[in-house]
Amino acid sequence: MTMLEDDGQVKAGISHELAVLALEQLGLQGDFSILPFPGQAAALEADKVDVVWETTSINAERLEAATFVEFANLTYGVLVPKDNPKDIVDLDSFCGLGIGVPQGSIFQDYVEEASAECVDSGSTAINLLTYKSPAEGRLAVLSKNADAFLGGHANNLYYAENSDEGAAFSAVAIPDIEPTPIGIQFKKGNEELASAMAEAVNALIANGSYAKVFEEFGLSEMEISSASIAR
């Protein structure tokens with residue numbers, strides 16, 4: 001969604017490409033910065049940035065402090081050893097396996113709920129493995145200390161395609177986890193800019209540019225049919 005090209009300087013990814021196109025629709029140019037996720041909301045509140053365009057899920061807590069324009073759905077999946085040796089295809093197939101998640105994330109809740117359903121159906125509970133960072137989770141899969149690492153499907157696809165020239169991992173979408181709306185974030189009350197950006201994204205959807213960006217990265221399942229404002 002947000003990355004740097006091989007030279008470490010040129011910004012790329014779905015979020016960046018959509019942002020550039022949306023600003024062009026508005027006759028504007030952007031001054032882009034890549035900020036660590038934990039500091040993005042604070043930078044917006046302190047007027048250090050006008051817009052945060054990231055894979056930020058829209059929820060009630062975040063809507064208390066910001067206005068969002070929905071621009072995609074975050075889909076979920078697992079990163080597994082190459083060719084998916086444990087045949088993981090959905091939450092039911094997690095039963096009896098070691099599934100890694102980022103510590104304290106919503107993914108942990110999904111695995112705990114799935115584990116309870118495994119037990120209720122007479123299967124073996126899931127071995128929930130928590131990691132401080134996604135990098136630790138990926139390493140656990142690579143070293144066979146975890147059977148899979150649950151996270152955003154976009155991230156998993158990237159690592160599957162780019163780790164060891166595609167020979168280390170496979171990425172498997174988990175369809176029975178409901179996609180989460182993600183949005184462009186604005187400071188609370190900045191309705192004028194949010195409305196303009198929603199119109200710009202809808203124009204990109206209408207002219208086909210939006211779909212081309214997602215197609216370029218192999219993530220068409222993240223597309224939405226219209227961009228709406230969430231307050």
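**Finding our way around**

Mentor: Let's begin with the contacts, where contact means heavy atoms within 4.5 Å. Among contacts in the protein chain between residues at least 6 apart in sequence, 72% join residues at least 24 apart. Keep in mind that this is a predicted model, where local features need pLDDT of at least 70 and side-chain atom pairs count only at pLDDT 80 or more, while totals for chains, interfaces and linings use all residues. Residues are numbered from 1 along each chain as its sequence is written, and side-chain values use heavy atoms, leaving out hydrogens and water.

Trainee: How many helices and strands does the protein chain have?

Mentor: Helices (H or I, at least four residues) and strands (E, at least two) are DSSP runs, numbered from the N terminus. On that basis the protein chain has 11 strands and eight helices.

Trainee: What is the radius of gyration of the protein chain?

Mentor: That's taken over C-alpha atoms, and the globule rule is 2.2 Å times the number of residues to the power 0.38. For 231 residues the rule gives 17 Å, and the chain's value is close to that, so it is as compact as a globular protein of that length. The C-alpha trace spans about 55 × 40 × 30 Å along its principal axes. The radius of gyration is 19 Å.

Trainee: Is leucine 74 buried or exposed?

Mentor: Buried means under 20% relative accessible area, exposed over 50%, and partly exposed in between (1.4 Å probe, protein chains only). Leucine 74 lies in strand S4, residues 66-74. Leaving aside neighbours within four places in sequence, leucine 74 is in contact with Gly152, Pro179, Thr180, Ile182 and Met222. Its relative accessible area is 14%, so leucine 74 is buried.

Trainee: And which strand does glutamine 185 lie in?

Mentor: Glutamine 185 is buried too, at a relative accessible area of 7%. Beyond its neighbours within four places in sequence, its contacts include Ala41, Asp50, Thr67 and Phe68. The strand, residues 180-187, is S10.

Trainee: What about H1: which elements do its buried residues pack against?

Mentor: Helix H1 covers residues 14-25 and reaches 17 Å from its first C-alpha to its last. That's close to the expected 16 Å, the expected span being 1.5 Å times one less than the number of residues. Its buried residues include Ile14, His16, Leu18 and Leu23. They pack against strand S2 (11-12), strand S3 (52-57), S4, helix H7 (191-207) and H8.

Trainee: How many aromatic pairs does a search of the whole structure find?

Mentor: Rings of Phe, Tyr and Trp (its six-membered ring) pair if their centres lie within 6.5 Å; planes under 30 degrees apart count as stacked, over 60 as edge-to-face and the rest as tilted. Ring pairs link Tyr76, Phe107 and Tyr110 into a cluster. The search finds six aromatic pairs.

Trainee: Why is the pair of tyrosine 158 and tyrosine 159 given the name it has?

Mentor: Tyrosine 158 is partly exposed, at 35% relative accessibility, and tyrosine 159 is partly exposed at 28%. Their ring centres are 5.4 Å apart and the planes are at 85°, so the pair is edge-to-face.

Trainee: And the rings of tyrosine 210 and phenylalanine 214: what kind of pair are they?

Mentor: Both lie in helix H8 (residues 209-216), four residues apart, about one turn of the helix. Tyrosine 210 and phenylalanine 214 are both buried. Their ring centres are 4.8 Å apart with planes at 55°, so the pair is tilted.
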